[in-house]
Amino acid sequence: MQKRMGWAVAGVAVLTLVGSTGCVTKKAWRENVESTDTRVKGVESGLESQEKRTSDLAKDTDTRITEVKGTADKAVEIGSNAMSKAESAERLAKGKILWTTTLSDDSVKFSFDKDSVPGEAQAILDDLAGKVKSLDKTVYLEIEGHTDNIGSDDYNRHLGEMRAEAVRNYLAEKGGIPLHAMNVISYGEEKPVAANTTPDGRAKNRRVVVRVLE
């Protein structure tokens, strides 16, 4: 009897141990699954962050490439313009001056602060264009803009350029002289031919000089 009870107690103990072990194993498995789940989510979150950083970097790179390309294109444009002006200046510097025509307030009333071609200058420019076209050789025109000393250096340089441009446009449109055969330069107030201390002197300095070179 006692022997049978002993076996029964032992059986209960074994069942209890098995049951207890089973519960521990399931709990550990669940914890392991949850931990793995957390790690997987962490990895996924990290991948998403990495993808976002990669995408942002790609966009930033594209933007910088566009900016650099725009800067390079602008530099090429500026360089081309500078080269063209240098070539024109070199070509004109090598030429022999055939004659010079000066338009100033003395004769055509290139008035203060004005950049249009005065009416009195048109007949002179028409005669100039006729002479140029009657030549049996290629010639070039250098058109210089000059001002008096009233105003800032930058303003006078701009005004001188506008006056020279007005003469060039008139010679092209009315005189039939090709634009590529004419070069414009402004000296502003840098090269006066008379003192700027009197109205007459300032009138002489407000002028456009056209040089015809072969």
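A crossover is right-handed if, with the strands pointing away from the viewer, the path from the first strand over the helix to the second runs clockwise. In this predicted model, strand 2, helix 3 and strand 3 form a β-α-β unit of that right-handed kind.

The chain holds four helices and four strands. Read from the N terminus, their order is α-β-α-β-α-β-α-β. Of 214 residues, 26% are buried. The accessible surface is about 14400 Å², with 57% of it on carbon and sulfur atoms. Among contacts between residues at least 6 apart in sequence, 74% link residues at least 24 apart.

Strand 2 is mostly covered, with six of its seven residues buried. Its pairings are as follows.

| Strand pair | Sense | Bridges | A residue pair |
|---|---|---|---|
| Strand 2 and strand 3 | parallel | six bridges | Ile143 with Val184 |

Now the core. The largest nonpolar core counts 21 residues. Leu125, Leu141, Ile143, Val167 and Leu171 have the most contacts inside it. At least two core residues come from each of helix 2 (119-134), strand 2 (140-146), helix 3 (153-173), strand 3 (182-188) and strand 4 (207-213).

Which residues does Val167 contact, leaving aside its neighbours within four places in sequence? They are Leu103, Val117, Leu125, Ile143, Val208 and Val210.

Terms used:
Residues are numbered from 1 along each chain as its sequence is written. This is a predicted model: local features need pLDDT of at least 70, side-chain atom pairs count only at pLDDT 80 or more; totals for chains, interfaces and linings use all residues. Side-chain values use heavy atoms; hydrogens and water are left out. Buried means under 20% relative accessible area, exposed over 50%, partly exposed in between (1.4 Å probe, protein chains only). Contact means heavy atoms within 4.5 Å. Accessible areas come from the Shrake-Rupley method with a 1.4 Å probe; for residues, only the protein chains shown count as cover. A nonpolar core is a set of buried Ala, Val, Leu, Ile, Met, Phe, Trp, Tyr and Cys residues joined through side-chain atoms within 4.5 Å. Two strands pair if DSSP finds at least two bridges between them.
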